[in-house]
Structures are given as structure tokens and as C-alpha cells.
Amino acid sequence: MSAHEQPPGGGTAPGPQRRAALALGDDALVLAQRLGEWAGHAPVLEEDVALSNIALDLLGQARTLLSLAGDEDELAYLREEREFRNVQLVEQPNGDFARTIARQLYFSVHQELLYGQLAGGRGELAELAAKAVKETAYHRDHAEQWTLRLGDGTAESRRRMQSALDGLWRYTGELFQPVEGVPADWEALASGWRNVVGAVIEQAALTVPEGPQSSAWSAGAGRQGVHTESFGRMLAEMQHLHRSHPGASW
Amino acid sequence: MTTVLPERGSGGESGPGGGDARALDDADRLAVFDAAIAADERIEPRDWMPDKYRSGLIRQIAQHAHSEIIGMQPEANWITRAPSLRRKAILMAKVQDEAGHGLYLYSAAETLGADREDLLDKLHTGRQKYSSIFNYPTLTWADVGAIGWLVDGAAITNQVPLCRCSYGPYARAMVRVCKEESFHQRQGYELLLALSRGTPAQHAMAQDAVDRWWWPSLMMFGPPDAESSHSAQSMAWKIKRHSNDELRQRFVDICVPQAEALGLTLPDPDLRWNEERGLHDFGTIDWSEFQEVLKGNGPCNEQRVTQRRTAHENGAWVREAAAAYAAKQAARAAAYAPEAGVAHTPQAHTQQARVTTGAESTGPEQHTEGGPAA
């Protein structure tokens with residue numbers, strides 16, 4: 001038991017359920033934060049709307065999930081980098097539009113398949129999943145359509161899309177690491193994910209990246225609170241104001 | 001507009017008839033137009049209208065659209081730092097709404113024959129303006145509340161009368177915009193109230209924000225009536241229904257009791273109730289500051305336009321890719337079913353990539369809750 005077993009935000013939920021809510025909640029929260037950085041910077045106004053729409057959906061999921069584990073704001077704003085349980089994929093910087101779309105494709109297919117599985121179960125996670133799967137289907141469609149447009153668009157967009165898919169591939173293995181408290185068939189998830197993502201990439205006239213889906217040492221590291229370098233900076237920005245006024249309500 | 005001549009064309013363009021017949025025609029059309037305005041009827045895109053009515057409206061609607069999208073920046077500046085998840089969600093939704101308002105308004109301008117790309121280009125090159133208020137910086141979280149309360153409040157005071165504007169598409173856009181803006185304004189007020197009733201540091205933050213945003217908000221109503229160049233014609237054409245000074249006075253009278261309820265003061269030593277007028281007297285606006293901001297010398301003018309232009313330039317390859325893809329898809333559809341004309345749409349094309357998740361029935365078209373504005 002490390003000190004990290006008792007993070008802020010209370011701890012009413014039992015261990016595995018709390019760990020499940022934190023893992024999935026942190027995924028959604030961190031990706032919503034990244035997408036929020038796009039506001040006012042998108043290539044067309046319609047994408048400003050779409051990206052903030054997706055960010056809002058994810059933030060809504062994060063709030064529901066974190067509330068299952070404790071107080072949403074204490075959990076979001078008062079945990080340190082080492083206490084976050086999100087996969088490293090979602091914390092990756094936005095990069096160019098292709099990089100953001102590749103991250104969206106990888107993650108939204110994962111989320112749609114996972115929530116599709118969980119929606120059939122029971123309990124609070126199943127309830128959340130049943131609602132969220134409708135949102136993630138939309139997110140996946142958005143990412144899929146843009147992967148096709150960029151992959152099968154111009155030479156420049158094709159080059160950027162391939163490079164984005166290649167660059168983020170190493171972070172995808174972590175998506176299939178079992179999470180305690182999440183009653184999923186992880187092998188089915190992994191093979192379903194490869195089928196869907198592979199089909200989209202091939203249809204976009206791109207190449208499915210080769211090599212391991214994670215570097216040898218970091219597989220599953222995000223779930224253990226080991227993150228990449230840009231994550232701490234992202235949290236510093238996200239948490240600064242809240243931490244500057246301890247005990248204040250907003 | 002119900003009374004129309006049999007031949008309805010777009011204003012100002014020479015038809016094949018030309019010559020004297022056309023001059024007479026325009027006089028008749030002007031009479032019909034004037035009668036429609038006098039009868040408070042709506043002018044619609046296919047109706048004849050004076051060239052200056054058309055060009056004036058394009059300018060006004062475009063600048064309104066530009067204000068919505070430039071106005072995303074000062075608030076988006078705080079999305080990543082919002083101090084609670086609830087506030088972050090509200091702010092994200094608001095900035096998203098603003099992009100949606102920009103889209104409605106560009107569509108309204110396009111009904112007059114303008115082109116969105118061209119209007120954006122005019123914004124990016126400084127040939128068209130946007131509201132002066134967005135050239136002020138958001139320096140603290142409380143500024144997000146002050147913008148909601150004061151800036152959206154001023155915008156609503158200006159825009160509610162536009163819901164009765166003589167040009168139908170603009171009036172209808174304003175109905176939708178005003179509903180959402182009123183919601184944002186209440187949220188901004190509530191944000192400030194939470195700060196005002198919070199810790200001493202939060203209260204001070206709220207007061208500081210109101211001190212900085214009050215005068216710029218009053219400037220949103222434009223120059224004094226005596227110096228407002230477009231006002232007379234806009235009012236004659238019922239595009240505008242009230243003068244700048246009337247609306248500004250109305251706004252001050254609304255804000256004073258709200259400030260009291262907030263427990264905050266307005267930074268104007270001359271502000272007091274005038275029993276005789278039944279209105280509040282208030283101090284003199286610094287019109288030299290207003291002129292400087294309009295000329296591009298406000299605190300954030302350069303930054304705002306540069307960010308817009310940079311987003312547009314950085315996105316060029318994405319827009320080019322989308323266009324190239326659409327062209328390829330159209331060519332493929334033509335080759336695939338040249339005679340039947342069956343479009344091989346990207347949607348149909350990607351069905352094979354879908355998976356069984358129990359979510360097939362919920363495509364993007366069903367995603368209406370907070371979904372992307374058309």
C-alpha cells in the first residue's frame with residue numbers, strides 16, 4: 001500500500017470499483033482537457049463546434065465516473081501527476097490536426113467497444129456505459145470520417161495522417177491492459193479494436209503501423225500513475241487556479 | 001414580404017431587359033419594398049431590395065458573425081484553467097455556442113449573396129471589423145463572469161430588437177442567438193455571484209473584473225447618436241429599432257440593481273438615479289479609448305486577429321484534404337454508377353468498418369443533445 005492508495009476525494013466506493021471509475025474517468029477527463037485546448041484554433045468553424053462537442057461529452061463522462069469514486073473536483077484538481085490513472089494515449093499533446101484525429105480514432109474505437117461491452121452488464125458502470133456508448137459512436141464516426149479525408153485527401157494530408165498514426169501507435173497497447181473492477185473481455189476488445197482501426201486505416205489508403213503497441217517498459221504505465229513528460233505541465237495549467245484558493249467554492 | 005411583383009430578381013443586377021424599362025421597374029420595386037418596410041413585413045432573400053440595404057446588411061451581419069468567432073478567444077483562454085469541472089463544462093458549451101452563432105450568421109449573410117470565405121478573408125486582413133469589446137484581455141477567472149453578465153448583457157440589449165429586424169433571415173438568426181445568449185448571461189451572473197459571496201480574494205477578483213469590463217461594455221452600443229454614421233438609414237429601414245444612446249441607457253438601468261444584488265459596485269462616481277428623468281445618470285465615456293480600439297490599438301487587437309489568421313492558415317492543408325477527398329468520392333461515385341446516379345457516399349462506404357456494439361442505430365444524426373450546429 002503506497003500513499004497513493006488514499007488520494008483526495010474521499011473513498012466511499014470499494015477498491016476495485018473506485019479504481020475502475022478513476023481509470024475510465026481520468027481517460028475522459030484528460031482527453032477533454034486536451035480537446036479544450038483546440039477551442040478557437042480549429043481549421044474550420046465546424047471543427048471548433050465538433051471538437052468542443054466531443055470534449056463536452058467526455059467531460060460529462062468524467063464527471064459521472066469521478067463522482068462514483070469521490071468528489072469530482074477534489075479528484076480532478078488535487079491529485080498529483082502520479083495519482084492519475086489515465087492511459088498515456090489521452091495525455092499526448094494535440095500536435096497538428098492529424099495527430100489529434102489519430103488520437104481520437106484510437107481512443108474512440110476503444111471507448112465504443114469497451115462501453116458496448118459494459119452496457120450489457122449491471123451496476124453504475126453499465127448505466128454510464130449505456131449512455132456514453134451513444135456519444136462514443138458519434139466520436140468514432142467523426143474520427144473515422146476525418147481519417148478517410150486526410151488519408152485519402154492530398155499528398156500532404158496523407159503524409160501527416162500516416163505520421164500521426166505511426167507516432168501514437170506505441171501508446172495503444174495500454175488500452176487492452178485489464179483494469180481491476182472493469183468487467184470487460186480484454187482479448188475481445190483488443191481483437192475488435194484491431195479489426196475496426198485496421199479497416200479504417202486501410203480504407204483511408206494508409207498503412208497499419210507495425211511494431212509493438214507499446215514500448216516494452218511502459219505498457220500499462222499510465223494506469224499505474226506513470227505518465228509522459230507533458231502531462232505534468234498539462235495538470236499544472238488545469239489545476240493552478242483551483243489550488244491557489246484552497247477551500248474556495250466556485 | 002407578401003406583396004411582390006411577378007418578377008423577383010436579386011437587387012442591382014442587370015437583367016436581360018436592361019435599359020429604360022429596367023429603370024421603371026426598379027422604381028416600382030422600390031415602392032413595393034418601401035411599402036413592405038412601412039407595413040412591418042419581412043424582406044426575404046429573393047425579394048428585391050435596394051443595393052445599399054443589401055450591402056449595409058452584409059456588413060452588419062458579417063461583423064456580427066466575426067464578433068461571435070473572435071469572441072470565442074477571450075473566454076476560450078480560460079477553458080483549460082476553469083476552477084471546477086462544472087464551470088469548465090459550462091464554459092466549453094458557451095464557446096461552442098459562439099461558434100454555432102457565427103455559423104448561423106455567416107449563413108444569414110450568404111442569403112444576401114456574400115460568401116463566407118470572402119467574409120473571413122476580410123476579417124483576417126482587417127477590412128471588416130468585429131465588436132471592440134473582444135480586444136480586451138481576460139486576466140482572471142472572474143473576467144469570464146464579467147463577460148457573461150456585462151458583455152452578453154449588452155449584446156442581448158442590442159440584439160433583442162434585432163429579432164424584429166426587417167430582414168427575415170437575420171431576424172430569425174437573432175431569435176436563436178438571443179435564447180442562448182440569455183442563458184449564458186444568467187450563467188455569467190451566477191458565476192460572479194458565487195465569487196462575490198466567496199472568500200475575500202474571490203470577492204476582490206470579481207470586483208476587479210467588473211471595474212475593468214464596465215466601461216468597455218458601455219462602448220458596445222457604439223458612438224453617441226450624434227456621431228453614429230449608419231444609424232439614421234438603419235432605423236428608416238427598420239434594421240435597427242432604437243438608437244445607440246437609448247439602448248445604452250436601457251442597459252445601465254438594468255445593470256444598476258443587478259450590481260447591487262451581486263454585492264459589487266460599478267466604477268462610475270457619477271452614476272446616480274435621476275428622479276426627474278426616471279433614469280440613471282452616468283459618467284462620460286472615454287471616446288478616445290473607443291476610437292483607439294477601433295483603429296486597432298486596443299490591448300488585444302493584434303493578438304486576436306493573428307490567432308484567427310493563424311488558425312485559418314494552419315488549417316489550410318486540412319480544408320484542402322477535405323476538398324480533394326470530396327472530389328475523389330464524387331468521381332468514384334460517377335464511375336461506380338454512371339447511369340443510375342447512385343451516390344456511393346462515404347457513409348455507405350464505411351459501413352463495413354463498423355462493429356457490433358449495440359450502437360449502430362445511433363449515428364451522428366441522432367446525436368442531438370448539444371450536437372454540432374448545422
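**View 1. Chain A is built from nine helices and zero strands.** Helices here are DSSP runs of H or I with at least four residues, and strands are E runs of at least two, numbered from the N terminus. Follow chain A along its sequence and you read α-α-α-α-α-α-α-α-α. Keep in mind that this is a predicted model: local features need pLDDT of at least 70, side-chain atom pairs count only at pLDDT 80 or more, and totals for chains, interfaces and linings use all residues. Residues are numbered from 1 along each chain as its sequence is written, chains are lettered from A and ligands numbered from 1 in the order written, and side-chain values use heavy atoms, leaving out hydrogens and water.

**View 2. The overall size of chain A.** The C-alpha trace of chain A spans about 50 × 40 × 35 Å along its principal axes. Of its 250 residues, 63% are buried, meaning under 20% relative accessible area (1.4 Å probe, protein chains only).

**View 3. Contacts within chain A.** Take the contacts (heavy atoms within 4.5 Å) whose residues are 6 or more positions apart: 80% of them in chain A link residues 24 or more apart.

**View 4. Chain B has 14 helices and two strands.** Chain B runs to 374 residues, and 51% of them count as buried. Among its contacts between residues at least 6 apart in sequence, 75% join residues at least 24 apart.

**View 5. The surface of each chain.** Chain B exposes about 17,000 Å², with carbon and sulfur atoms supplying 55%.

Key:
Buried < 20%, exposed > 50% of the residue type's maximum accessible area, 1.4 Å probe, protein only. Areas by Shrake-Rupley, 256 points an atom, 1.4 Å probe, with all protein chains shown as cover.
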